[in-house]
Amino acid sequence: MLFGVLAVRADWSLLEVVAISLLGFSGSVQFAVLPLAESGAGFFTMLLVTASINSRYLPIAYTSAARLPSAAGERACLAHMLGDEAYATEHERDSGAGLWGIRLSIFAAWVLAGLVGALLGRVIPTNWLGADVNLGYPASVVLMYLSAAQLRARLWHNERRSAVLAAAVLSAGLALLLIQWFGPVYFWIPSILLTTVILGRVWP
Amino acid sequence: MSEPVWAAIAALFTTSGLVRILPTFISPRIAPRTRRYLERLLPAAVFINFAVYIAYSEVVREPIPALLSLAVVGAVACLNRLGLIGTAVLGTTLYFVLIDGIGRGGW
């Protein structure tokens, strides 16, 4: 919803807000391209930025591919609707209708919320939206809950729980260092690879 | 219609094709050891990095409220004590109450 509000404030039309939500479907990247489009950046500049930020989907898409149906069109649609929240909600046993239910509901909610935000952005007076209010915080809370729940399911019942948990804590510390070095956009791939290697040393 | 806006939409759609759709159509022959990494270790690695990224992004903005609120959310999720909605309400309320408390000079 916040994206819709901000996009309308940057003179995007309702059609453009709905189109980017449908065809792009990416929270952080949609926010990232707002200032780029405003500054007149070209397609390849924006592609470089968006592909870098969303590069984390490469391993996520690969690991969740086995759950997808084999029909090409259905597979492509479900793959496009893959998001952080859907990946965190799904289980390995989910398939077919279950995947459609999870991914389509999140996708539709995202598109509709963007449209509602755009409509609100047209009617809400500018001074009602304080620049310092963190309207995106509830989304961070939800993603933190889903991540922690997934990690509990995967790490807590491990045969070598102490060692695996210690490796997870070490990996988290190194991820923080990599964010400092590479920034929050470019740390993903090196950090995920490093974490995988560290976990692989202790995970039976 | 603004040309840069439609370039942005095209860039995002191309990105979705490259990072979300394409990997699901490629199935390289993988050794068992590599498969173990991809199916068991990689997802856990992704979620560890998600958690760190979320915490970093929010702590940079509001250090104490975000740290305390997200720690409570993480603990509740690990203890499996409250559902998603309840935890979201709890974490968000705690965050804004702490910000309000700090703003009033109570910290």
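In this predicted model, helix α11 of chain A covers residues 188–202. The helix has 15 residues. From its first C-alpha to its last, α11(A) reaches 22 Å. That is close to the 21 Å expected at 1.5 Å a residue. Several residues of α11(A) are buried. They are Trp188(A), Ser191(A), Ile192(A), Thr195(A), Thr196(A), Ile198(A) and Leu199(A).

Chain A also meets chain B. Here 53 residues of chain B are in contact with 70 residues of chain A. Four helices of chain B each supply at least two residues of the side that touches chain A: α1 (3–25), α2 (32–61), α3 (63–79) and α4 (84–103). The largest share of this side, 22 residues, comes from α2(B). By class, the side of chain B that touches chain A has 36 nonpolar, 11 polar and 6 charged residues.

One helix pair spans the two chains. Two packed helices are described by the angle between their axes and the distance between the axes. The axes of α9(A), residues 137–156, and α3(B) come within 8 Å. They cross at roughly 40 degrees. The crossing of α9(A) past α3(B) is right-handed. On the chain A side, the contact is made by Val141(A), Met144(A), Tyr145(A), Ala148(A), Ala149(A) and Arg152(A). From α3(B), the contact takes in Leu70(B), Val73(B), Gly74(B), Ala77(B) and Cys78(B). By class, this contact has 9 nonpolar, 1 polar and 1 charged residues.

Technical notes. Residues numbered from 1 in each chain as written. Chains lettered and ligands numbered in written order. Predicted model: local features only at pLDDT ≥ 70, side-chain atom pairs only at ≥ 80, totals over all residues. Contact = placed C-beta atoms within 7 Å. Nonpolar A, V, L, I, M, F, W, Y, C, P; charged D, E, K, R; others polar. Expected span 1.5 Å × (residues − 1). Buried ≥ 20, exposed ≤ 12 C-beta atoms within 10 Å, placed from the backbone. Axes fitted to C-alpha atoms, helices over the stretch in contact; angles between N-to-C directions. Left-handed = near helix turned anticlockwise from the far one by under 90°.
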